[in-house]
Amino acid sequence: MSIGRIDLNLIKVFDAVHEDRNLLRAGKRLNLSQSAVSHALTRLREVVGDELFVRTAKGMVPTARAVAMADELRDALRRIEATLGVEPFDPGRSARRFVIAANDHLTAVMVAELSRLMMVEAPGIDLVIRPSTRLDLAEQIDVGRIDLAVGIFAQVPSRLSSRTLMTQGELIVMRKGHPAARRKLALQDLARYPLVTVSVGGQEEGAVGGFILERGLARQAEMFDRQALEEALSAVGAAPRYRATVPHSLAIPALLRGSDMLSIMPSSLARDLAAAGELLMRPPPYPSALSTFRAVWHSRNDHDPAHVWLQDCVARAADKVA
């Protein structure tokens with residue numbers, strides 16, 4: 001195969017189809033018709049000598065050769081674009097699609113604000129939110145299927161970059177009319193009333209100290225400072241009762257409604273739920289650690305103008321809810 005037969009535009013088409021798994025969506029991103037995308041793939045198949053993608057009911061599935069090529073080609077494209085500056089980024093005219101990984105708490109309180117910002121500054125850009133609780137989060141960032149992940153990370157490997165978004169503490173949430181709502185919350189209340197907590201992975205998923213480690217990226221598995229709670233109660237000869245453990249924070253209001261359970265959660269989510277009118281929030285009667293939320297992305301995107309713009313938008317959205 002001669003390098004002289006390779007048209008850079010063919011590589012861009014390959015990259016778009018590999019990410020979208022769909023000719024129509026890839027064409028929309030590249031401002032090409034579906035037939036033009038199909039024609040480009042045919043030319044690249046002839047050059048490479050491989051089918052590259054197989055059409056199925058679930059979309060265009062890459063062959064083993066395409067999977068092996070994808071990461072290196074995407075990295076090369078980003079380097080060429082950053083070096084030559086051949087594609088200046090104008091958010092107001094762009095039709096790109098960004099994929100962000102976030103849990104349901106951050107989707108509710110931060111991504112909603114991010115969407116409002118993008119509607120004003122970049123009405124043509126599409127935003128896709130995927131769950132950050134998936135066990136292959138680090139791999140998805142590595143292969144480029146996730147542009148940016150937002151959450152609490154205890155460890156970020158050197159191949160990834162990160163940016164601090166906000167730091168916040170915890171609040172305790174209960175239903176209106178809860179017996180403990182008539183006075184200042186005490187440690188004994190946290191021993192007397194059972195808890196509903198959010199956990200997206202325990203020891204069976206490899207969690208250690210409340211964090212799941214995968215490919216060097218350690219993400220938080222629990223939405224509260226378990227150690228601080230248990231140490232505080234142990235000091236008064238008590239222990240918490242974890243009656244309900246759920247994977248989604250947005251299930252909490254329904255679980256608290258009509259029960260005397262309490263829930264410990266990040267302050268931004270507590271304020272958001274309390275604003276709806278059903279729930280009350282109280283400060284915890286013990287010191288708990290502050291949580292730092294960060295955005296994480298692959299370092300190959302450090303100099304991509306579009307990605308830098310996305311990072312800035314996410315940071316501005318976080319500022320509004322911190």
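I count a residue as buried when its relative accessible area is under 20%. With that cut-off in hand, I opened the model, which is a predicted one.

**Entry 1: the whole chain**

I began with the overall numbers. Buried residues make up 49% of the 322 residues in the protein chain. For secondary structure I noted eleven helices and 16 strands. The C-alpha atoms fill a box of roughly 75 × 40 × 35 Å along the principal axes. The accessible surface comes to about 15400 Å², and carbon and sulfur atoms hold 52% of it.

**Entry 2: helix 5**

Next I went to helix 5, residues 104-121. Still, I noted a bend of about 40° at Met110.

At the start of this helix, a side-chain oxygen of Asn103 comes to within 3.2 Å of the backbone nitrogen of His105. I then listed the buried residues of helix 5: Asp104, His105, Leu106, Val109, Met110, Val111, Glu113, Leu114, Leu117 and Met118. A reminder to myself for reading that list: an α-helix has 3.6 residues a turn, so residues three or four places apart point the same way.

**Entry 3: the nonpolar cores**

Met110 turned up again when I looked at the cores. The largest nonpolar core has 44 residues, and those touching the most other members are Met110, Leu148, Val150, Leu165, Trp309 and Val314. Which helix gives this core its largest share? I found that helix 11 (residues 305-321) does, with nine residues.

Leaving out residues up to four places away in sequence, Met110 touches Val150, Leu165, Val314, Ala317, Ala318 and Val321. A separate core of 20 residues lies apart from this one, and its members include Ala16, Val17, Ala40 and Ala70. As background, nonpolar side chains in soluble globular proteins tend to be buried together.

**Entry 4: two positive phi values**

I checked the backbone for positive phi at residues other than glycine. Leu52 has a phi near 70°. I located Leu52 in the loop between helix 3 (34-48) and strand 1 (53-56). Is Leu52 buried or exposed? Its relative accessible area is 0%, so Leu52 is buried.

Arg215 is not a glycine either, and has a positive phi of about 50°. I found Arg215 in the loop between strand 11 (211-214) and strand 12 (217-220).

I stayed with strand 12 to look at Arg219, which lies in it. At 4% relative accessibility, Arg219 counts as buried, because the cut-off is under 20%. What does its side chain contact? I found a polar contact at 3.3 Å between the side chains of Arg219 and Glu214.

My last stop was Gln227, in helix 8 (residues 226-234). Its relative accessible area is 53%, so Gln227 is exposed, the cut-off for that being over 50%. I also checked the separation between Gln227 and Pro247, which are 20 residues apart along the chain: their C-alpha atoms are 19 Å apart.

Methods
Residues numbered from 1 in each chain as written. Predicted model: local features only at pLDDT ≥ 70, side-chain atom pairs only at ≥ 80, totals over all residues. Heavy atoms only, no water. Helix = DSSP H or I, 4+ residues; strand = E, 2+ residues; numbered from the N terminus. Buried < 20%, exposed > 50% of the residue type's maximum accessible area, 1.4 Å probe, protein only. Expected span 1.5 Å × (residues − 1). Bend = angle between axes of the 7 residues up to and from the residue. Polar contact = N/O pair within 3.5 Å; in protein donor to acceptor, adjacent residues only side chain to side chain. Core = buried A, V, L, I, M, F, W, Y, C linked by side-chain atoms within 4.5 Å. Contact = heavy atoms within 4.5 Å. Areas by Shrake-Rupley, 256 points an atom, 1.4 Å probe, with all protein chains shown as cover.
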